[in-house]
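Here is a short walk through one structure.

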Amino acid sequence: AGGLMATVTQIVDGIETRLKTITGLNVTDYVPEQVNPPQAFVDPPDIPDYRRSFGATGQLSIDLTVTILVSASYVGHQKKLLPYIDKTGAQSVYSAIEADKTLGLTDVECLVRSFRRLGLQEVGLIGYYGGVFQLTCLATG
């Protein structure tokens, strides 16, 4: 401790760097207008209470989401999502993030909490199946 606390931008960038370790997964730092499945992106966090999220104790606590979309244009599309949901394996989002919970930063711990299936999504009139991973990231400065 004693250094500067990690910023929200550094944490989001760190999550994206971990996701990019998954071969074949397209990672963007924005919600794309044109999805290139399998696609993942990190949504900016909700900050429901600045005093709680950015505590006076020099601690940052934020919840972020990682959305993943796979093509819905062929039979068996939902099964394409399963390797990303697994706790282990080369395509596991959980494993990719938890393999370096610090996200390459100091005094940061990022944990994958849950996965929620989205069902069919439409982006630009094209259908995708996907889901949302919920992450909690803590930083102390």
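Two strands count as paired if DSSP finds at least two bridges between them. Keep that in mind for this predicted model. β1 and β2, residues 39–43, are joined by three bridges and run parallel. One of the residues involved is Val27, whose bridge partner in β2 is Ala40.

Now widen the view. The strands form an open sheet of five, in the order β1-β2-β3-β5-β4. The pairing is mixed. Which strands stand at the edges? They are β1 (26–28) and β4 (108–123). Each has a single partner strand, so one side of each is left without a neighbour in the sheet. On average, neighbouring strands are turned by 20 degrees against each other, direction ignored.

A helix packs on this sheet: α1, residues 8–19. Helix α1 touches β1, β2, β3 (59–71), β4 and β5 (126–140). Its direction makes about 35 degrees with that of β3.

Next comes the interior. In soluble globular proteins, nonpolar side chains tend to be buried together. Here the largest nonpolar core has 30 residues. Ile11, Ile15, Leu19 and Ile97 touch the most other members. At least two residues each come from α1, β2, β3, α4 (93–98), β4 and β5. β3 gives the most, with six residues.

Look closely at Leu19. What does Leu19 contact, leaving aside its neighbours within four places in sequence? Its contacts are Leu25, Val27, Ala40, Val42, Val66, Val93 and Ile97.

Terms used: Residues numbered from 1 in each chain as written. Predicted model: local features only at pLDDT ≥ 70, side-chain atom pairs only at ≥ 80, totals over all residues. Heavy atoms only, no water. Helix = DSSP H or I, 4+ residues; strand = E, 2+ residues; numbered from the N terminus. Axes fitted to C-alpha atoms, helices over the stretch in contact; angles between N-to-C directions. Contact = heavy atoms within 4.5 Å. Core = buried A, V, L, I, M, F, W, Y, C linked by side-chain atoms within 4.5 Å. Buried < 20%, exposed > 50% of the residue type's maximum accessible area, 1.4 Å probe, protein only.
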